[in-house]
Structures are given as C-alpha cells and as structure tokens.
Amino acid sequence: MIGFWDAAMVAAYRKELVREIAKFSAGGRFPHDIGALVDLREQSILPPETTEAIQNLTESEWPAGNPAAVIISPSMIQKGQSRRMGVRLTNIAFFTDEGEAVDWLIGQRTR
C-alpha cells in the first residue's frame, strides 16, 4: 500500500494482510515463505494514532513464528518508531537501500 499512512490506511492494510495470510496458510507455505518489506522513504513521521494502530496490528495479526521483515528508511526517528511499533518482531532489519533489503529478506527464506 502506497501513500500517507493514517489509522484508516492501517485498517485497510490489516484487512489485506489477514486475507493474504489466509491464502498462504491454505497453500501450506506459511509462515516460512512470507516476509514483509516496508518502504518508509517517502513517509513522514507517523502520528500517534497511526503508530498505535500499527502496534496493535503487529501484536494481533503478525504470525507467532515471526517471519522476516525489513524496513527501508534513512530516518533514525522512523527506525525508532518502527522498533516501538513492532515490539513482537524479532526478525527485523533496517536498510536505506532497497536492493540490500530485498537480498536480506530473500536470505532469511533460505534459513
């Protein structure tokens, strides 16, 4: 999903995420064949209601197996926000370069 993330965007993303997780689960490929790439390069600092919605999403919908996730952002503030929002995420990495992020994410699938 592209654009400014507010609480409504997080709700739309949550709906799509749950639908995609169900498809992966039905195909027997979940959780090992999933990963998330979040590109925050064009995103401003998130307002508090958005960070709360994302934290709730990661706490309630993100799989217990903690598949890999990468965040692309040059901002130290966004990295700090992301860490607070994704407290359950243990297999997460931060990058400024998309190619490096994708390579890392693919490498996690082969583990």
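**Close-ups of a predicted α/β model**

Residues 24 or more positions apart make up 73% of the contacts in the protein with a separation of 6 or more, a contact being heavy atoms within 4.5 Å. This is a predicted model, where local features need pLDDT of at least 70, side-chain atom pairs count only at pLDDT 80 or more, and totals for chains, interfaces and linings use all residues. Numbering starts from 1 along each chain as its sequence is written, and side-chain values use heavy atoms, with hydrogens and water left out.

**View 1. The protein as a whole.** Four helices and three strands make up the secondary structure; helices (H or I, at least four residues) and strands (E, at least two) are DSSP runs, numbered from the N terminus. Follow the sequence and you get α-β-α-β-α-β-α. Of the 111 residues, 36% count as buried, meaning under 20% relative accessible area, with exposed set at over 50% and partly exposed in between (1.4 Å probe, protein chains only).

**View 2. Helix H1 against helix H2.** Two packed helices are described by the angle between their axes and the distance between the axes. Here the axes of H1 (residues 7-26) and H2 (residues 48-60) come within 8 Å and cross at roughly 15°. That makes H1 roughly parallel to H2. Angles under 35 degrees count as roughly parallel, over 145 as roughly antiparallel, 65 to 115 as roughly perpendicular and the rest as oblique. The axes themselves are lines fitted to C-alpha atoms, for helices over the stretch in contact, and angles run from 0 to 180 degrees between N-to-C directions. H1 brings Ala7, Val10, Tyr13, Arg14 and Leu17 to the contact, while H2 brings Glu49, Thr50, Ala53, Ile54, Asn56, Leu57 and Ser60. Sorted by type, the residues of this contact are seven nonpolar, three polar and two charged (Ala, Val, Leu, Ile, Met, Phe, Trp, Tyr, Cys and Pro count as nonpolar, Asp, Glu, Lys and Arg as charged, and the others, Gly among them, as polar).

View 3. Glutamate 61 sits in the loop between H2 and S2 and is partly exposed, at a relative accessible area of 26%. Not counting residues up to four places away in sequence, Glutamate 61 touches Arg14, Leu17, Val18 and Ile21. Its C-alpha is 9.1 Å from that of isoleucine 21, 40 residues apart along the chain.

**View 4. The largest nonpolar core.** Seven residues form this core: Ala68, Val70, Ile72, Ala93, Phe95, Ala101 and Leu105. A nonpolar core here is a set of buried Ala, Val, Leu, Ile, Met, Phe, Trp, Tyr and Cys residues joined through side-chain atoms within 4.5 Å. Strand S2 (68-72), strand S3 (92-95) and helix H4 (98-109) each supply at least two of its residues, with the largest share, three residues, coming from S2. Leucine 105 touches Gly35, Ala36, Leu37, Ala68, Ala69 and Val70, leaving out residues up to four places away in sequence.

**View 5. Glutamine 108 and asparagine 91.** Glutamine 108, in helix H4, is buried, with a relative accessible area of 14%. Setting aside neighbours within four places in sequence, glutamine 108 is in contact with Ala68 and Asn91. Asparagine 91 belongs to the loop between helix H3 (76-85) and S3 and is partly exposed, at 22% relative accessible area. Asparagine 91 and proline 67 are 24 residues apart in sequence and 6.5 Å apart in space, C-alpha to C-alpha.
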